[in-house]
Amino acid sequence: MIMLILGLVVIVILALVMSFLVIRRGPETTTARTLSSSLTPPPGVRLPRELQDEVRDVASRGNTDQAVKSLQKRAHLPHPQATAIVYALQVGQVFPEPEPDSTAPSSAPARRRGAVDAELLATLRRLVSQDRLRRTAAIRLLRERTGMNGRDARRFLDAL
């Protein structure tokens, strides 16, 4: 009788240890498999070395979301690609730098495209006076023509 009870206790303890190990190892392998399959950086990505170092530094301090947002904004990438690149940078991958192209216009003039002229102002007033969807179109138009960011474009239209 004592041997039977002792045997049951051993079996219960072994079952608890095994279930703990299965639970403990299960999510890690699933997460690693999911991350490796869904978060692969797109081929042909070229990033400046300074941006790679900055993103890697921010991510290594535990601010992965901030690193993704920064990369998304500065490299003009969609969120899933930026996330994959941040994870790749964290594990030590290095991306090639962009090749200097003398025929391509620099990014500085692209941001400062132009001022608000009378024609653009009239178009913006017309769009803002219509409906909410047209206001979004006005913000987009103002951003494209002047290089303003979204916040400044909204403030400008609020002031009209």
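**Labels and their grounds**

Author: Of the 160 residues of the protein, 21% count as buried. The model is predicted, and the protein has 8 helices and 0 strands. Along the sequence the pattern reads α-α-α-α-α-α-α-α. Among contacts between residues at least 6 apart in sequence, 56% join residues at least 24 apart.

Reader: Which residues meet where α3 contacts α4?

Author: From α3 come Thr-64, Ala-67, Val-68, Leu-71 and Gln-72, and from α4 come His-79, Ala-82, Thr-83, Ile-85, Val-86, Tyr-87 and Gln-90. By class, this contact of α3 with α4 has 7 nonpolar, 5 polar and no charged residues.

Reader: What makes α2 and α4 roughly perpendicular?

Author: Their axes come within 9 Å and cross at roughly 80°. The range for roughly perpendicular is 65 to 115 degrees, and α2 and α4 therefore take that label. In this contact Gln-52, Val-55, Arg-56, Ala-59 and Ser-60 of α2 meet Val-86, Leu-89 and Gln-90 of α4. The residues of the contact of α2 with α4 divide into 4 nonpolar, 3 polar and 1 charged.

Reader: How many salt bridges does a search of the whole structure find?

Author: The search finds 6 salt bridges. As background, side chains of opposite charge can pair when their charged atoms come close.

Reader: How do you know that Arg-46 forms a salt bridge with Glu-99?

Author: The closest N and O atoms of Arg-46 and Glu-99 are 3.6 Å apart. The cut-off is within 4 Å, between a side-chain nitrogen of Lys or Arg and a carboxyl oxygen of Asp or Glu, and the pair of Arg-46 with Glu-99 is a salt bridge. Arg-46 lies in the loop between α1 (2-38) and α2 (49-60) and Glu-99 in the loop between α4 and α5 (107-111), so the two tie together parts that are 53 residues apart in sequence.

Reader: Why is Glu-99 called exposed, and why is Arg-46 called partly exposed?

Author: Exposed means over 50% relative accessible area, buried means under 20%, and partly exposed lies in between. Glu-99 has 59%, so Glu-99 is exposed. Arg-46 has 41%, so Arg-46 is partly exposed.

Reader: What makes the pair of Arg-49 and Glu-97 a salt bridge?

Author: The closest N and O atoms of Arg-49 and Glu-97 are 3.6 Å apart, and the cut-off is within 4 Å. Arg-49 and Glu-97 therefore form a salt bridge. Arg-49 lies in helix α2 and Glu-97 in the loop between α4 and α5, so this pair ties together parts that are 48 residues apart in sequence. Arg-49 is partly exposed at 31% relative accessible area, and Glu-97 is partly exposed at 37%.

Reader: How do you know that Glu-54 forms a salt bridge with Arg-74?

Author: The closest N and O atoms of Glu-54 and Arg-74 are 2.6 Å apart, against a cut-off of within 4 Å. Glu-54 lies in helix α2 and Arg-74 in helix α3, so the pair ties together parts that are 20 residues apart in sequence. Both are partly exposed, Glu-54 with a relative accessible area of 35% and Arg-74 with 45%.

Reader: Why is Arg-135 called buried?

Author: Buried means under 20% relative accessible area. Arg-135 has 16%, so Arg-135 counts as buried. Arg-135 lies in helix α7 (residues 132-146). Leaving aside neighbours within four places in sequence, Arg-135 is in contact with Leu-127, Val-128, Arg-154, Leu-157 and Asp-158.

Reader: What makes Thr-136 partly exposed?

Author: Thr-136, also in helix α7, has a relative accessible area of 40% and therefore counts as partly exposed. From C-alpha to C-alpha, Thr-136 and Arg-154 are 9.0 Å apart in space, and they are 18 residues apart in sequence.

How values were computed: Residues are numbered from 1 along each chain as its sequence is written. This is a predicted model: local features need pLDDT of at least 70, side-chain atom pairs count only at pLDDT 80 or more; totals for chains, interfaces and linings use all residues. Side-chain values use heavy atoms; hydrogens and water are left out. Contact means heavy atoms within 4.5 Å. Helices (H or I, at least four residues) and strands (E, at least two) are DSSP runs, numbered from the N terminus. Ala, Val, Leu, Ile, Met, Phe, Trp, Tyr, Cys and Pro count as nonpolar, Asp, Glu, Lys and Arg as charged, and the others, Gly among them, as polar. Buried means under 20% relative accessible area, exposed over 50%, partly exposed in between (1.4 Å probe, protein chains only). Axes are lines fitted to C-alpha atoms, for helices over the stretch in contact, and angles run from 0 to 180 degrees between N-to-C directions. Angles under 35 degrees count as roughly parallel, over 145 as roughly antiparallel, 65 to 115 as roughly perpendicular and the rest as oblique.
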